[in-house]
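Let's take a friendly walk through a protein model. Have a look at the structure below, and then we will explore it piece by piece.

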Amino acid sequence: MQEAASKDKASAEYQRVSWDALRKSITGIVNRVNVTNIKHVVPELFSENLIRGRGLFARSVMKAQAASLPFTPVFAALVAIINTKLPQVGELVLTRLISQFRRAFKRNDKIVCHSTTTFIAHLVNQGVAHEIIALQILVLLLERPTDDSIEIAVGFTREVGAFLQENSPKANATVFERFRAVLNEGTISQRVQYMIEVLMQVRKDKYKDNPIVPEGLDLVEEDDQITHQIQLEEELQVQEGLNIFKFDPNFLENEERYKAIKAEILGEGSSDEESGSEEESDEEDEEEAVAEKEGIEDRTETNLINLRKVIYLTIMNALNYEEAVHKLLKVQIAEGQEIELCNMIIECCSQERSYSTFYGLIGERFCKLNRVWFDCFEQAFGNYYTTIHRYETNRLRNIARFFGHLVATDSVSWTAMECIKLTEEDTTSSSRIFVKIMLGEVTEALGLKTLVERFKDDEVRRACSGMFPMDNPKDTRFAINYFTSIGLGAATEEMREHLKNAPRIIMEQRRALLEAESSSDSSDSDSDPSDSSSDSDSDASVSDSESDSSDDSRRSPRRRRSVTPPRRDKYRDHSRDSRTPPPPPRDRDRRRSLTPPPVRHREKGDDRRRDDDRYNDKDRSRRDSPPRRREYTPEPRNRERDRGYGRDRDDERARPRSPSPHPPPRARYDRDRRSRERDAERDGYDRRRGYDDDRDRRRPDSRERYGRDSRR
């Protein structure tokens with residue numbers, strides 16, 4: 001067939017073959033156009049017969065724009081360039097767009113309406129369409145407001161608002177007054193109301209993120225542009241017959257005519273050398289332009305925002321998860337932006353009123369398709385866990401159940417939970433709720449027994465060591481209480497055993513530490529034997545000197561007091577033998593027995609030796625200095641006073657005093673006795689019991705002392 005067609009160029013077979021080649025060429029050129037190569041694509045497109053294939057061009061550019069909304073400004077610039085040379089092509093594209101919008105609006109097809117209005121808005125910005133068509137579309141959308149119509153109107157206004165504000169400010173103000181009225185009526189949902197408020201803010205910012213013509217696409221002069229004034233409600237000539245092949249009896253004549261038009265458009269009347277030099281100069285100019293733009297960085301993130309819009313609209317328009325995955329895989333995502341797709345899936349899931357397994361199945365399918373998506377969802381898990389406190393409760397619940405589904409189906413590795421640390425300091429209320437809901441979803445899918453077995457796996461245990469802390473008993477106890485409260489107490493058996501053995505382990509560690517310290521100390525002592533011996537000798541000498549001085553200080557005051565014995569024991573001393581020492585003072589022993597001795601860290605033998613030394617010093621002082629004989633005659637013995645009556649201070653003052661050179665210290669002993677009685681009553685001790693105990697305790701000492709004195 002091709003051989004026959006090549007022989008006769010006027011035959012129908014040759015025309016069909018050339019038609020198929022024209023369709024494939026136009027479609028391929030349109031699909032690979034972008035901001036950087038649009039200058040090279042336009043000459044290639046003009047080299048094809050666009051007059052014959054204008055229907056093919058209109059269909060290809062509309063399909064490409066609907067599939068990739070972020071490239072709508074590029075397609076609009078391409079149509080604007082062709083419209084300057086071939087106005088019938090631009091008019092056909094605009095007519096078909098308006099017709100498609102009318103059909104989609106009647107069918108309530110939100111996606112088609114959104115893509116069509118976006119294309120029309122950029123054609124208005126490029127000057128291909130008049131602004132009247134934009135105002136008519138806005139009036140139609142705002143006449144009877146619904147959530148979908150207002151959402152489409154907001155998106156359309158963001159794209160064309162800057163152009164209307166510059167060229168039709170009064171009409172633009174009227175449109176925003178209508179937006180404000182719809183917002184005040186409150187008949188639309190809160191989400192759409194928020195969109196209107198955002199649009200108001202964009203208008204205040206003078207559409208800085210939505211310029212009329214993006215940079216690099218202002219390729220047509222205003223004087224060269226041809227604007228088409230097509231009304232929204234007028235009869236349109238769509239010319240659907242241009243999309244299909246028809247036999248042309250004047251095929252050769254039309255081809256020759258288009259060659260002349262192409263030569264006029266592209267300026268091919270010169271020689272091939274001139275054309276080659278022009279191409280080289282164009283390439284050099286382009287390289288220079290690219291070199292100049294290398295230092296410019298686009299921080300508006302317009303492409304990223306458009307990518308998120310495409311992903312969101314694709315997910316929302318899918319009937320099931322398989323269709324959503326199929327469409328999302330066709331979205332052109334730059335290398336390094338795969339995480340944006342994962343984030344958009346999770347954000348769409350969090351926006352739902354209740355969790356839908358639709359999103360979990362989408363994430364599961366992506367994770368099992370390619371390792372890149374697997375790593376991206378693991379990275380997203382760590383990011384969302386660290387920022388989960390920023391989300392409200394409903395969104396937190398949906399995100400937790402989404403990741404619970406991925407973990408339960410092994411779509412992401414369990415080692416992704418290594419970022420979780422269940423301690424009181426490292427967790428917040430939001431993160432604890434997140435872990436609770438996520439593990440609850442996993443338990444519901446796998447069962448408690450399987451969940452516990454998975455946590456006992458060696459690799460999972462190492463990765464999830466932060467969820468089961470064993471380095472600090474406080475953190476271990478906190479984790480046990482947390483898992484028990486959420487119904488996962490079976491997963492805490494190992495931590496409970498560790499908590500039981502923790503004291504023994506700590507004691508062994510301390511013992512090992514002490515042994516290490518003692519071994520180091522012993523090595524130090526062995527290395528310096530001479531220094532230690534000299535230090536011990538010096539310490540011993542110092543201690544001996546201190547003990548001698550303390551003994552002298554204790555003896556001296558007792559010798560001074562023994563010169564004048566108490567008046568109470570005067571006749572008892574006369575009745576006894578002068579060589580036998582008197583018993584120890586009864587009041588002083590009683591005072592010591594009334595108050596319990598303070599707790600001191602020394603042995604009982606030391607206390608007893610101190611008491612023995614004290615009484616030995618007292619006896620020694622009495623033996624060394626016997627009491628002097630009084631020169632006055634004693635008073636008659638008062639039996640009542642000996643029995644203990646009249647011991648108060650008044651009787652003491654009433655009794656006549658003897659002219660002794662040293663006044664008796666009876667009042668001082670009475671004051672001591674009364675203070676001891678008050679102390680005994682306050683402390684609650686039995687004075688008699690204390691006296692008996694003290695007497696029994698000191699009885700061997702007194703016998704030994706009296707026996708030694710009698711032997712002397």
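This is a predicted model: local features need pLDDT of at least 70, side-chain atom pairs count only at pLDDT 80 or more; totals for chains, interfaces and linings use all residues.

Take Ile82 as an example: leaving aside its neighbours within four places in sequence, Ile82 is in contact with Leu45, Phe46, Leu50, Phe57, Pro87 and Val89.

In soluble globular proteins, nonpolar side chains tend to be buried together.

## A covered helix

Now find helix α17, which runs over residues 357–369. How far apart are its end C-alpha atoms? They are 18 Å apart, which agrees with the 18 Å that 13 residues should span at 1.5 Å a residue.

Buried residues of α17 include Phe358, Tyr359, Ile362, Phe366 and Cys367. Gly360, Gly363 and Glu364 are buried there too. What covers the buried residues of α17 includes the helices α14, α15, α16, α18 and α19.

## A look at His122

Finally, turn to helix α7 (residues 110–126), where you will find His122. Is His122 buried or exposed? His122 has a relative accessible area of 7%, and buried means under 20%, so His122 is buried.

Which residues does His122 touch, leaving aside its neighbours within four places in sequence? His122 is in contact with Thr72, Pro73, Ala76 and Glu159. Phe163 is 41 residues away from His122 along the chain, and their C-alpha atoms are separated by 9.7 Å.

Methods: Residues are numbered from 1 along each chain as its sequence is written. Side-chain values use heavy atoms; hydrogens and water are left out. Helices (H or I, at least four residues) and strands (E, at least two) are DSSP runs, numbered from the N terminus. Buried means under 20% relative accessible area, exposed over 50%, partly exposed in between (1.4 Å probe, protein chains only). Contact means heavy atoms within 4.5 Å. The expected span of a helix is 1.5 Å times one less than its number of residues.
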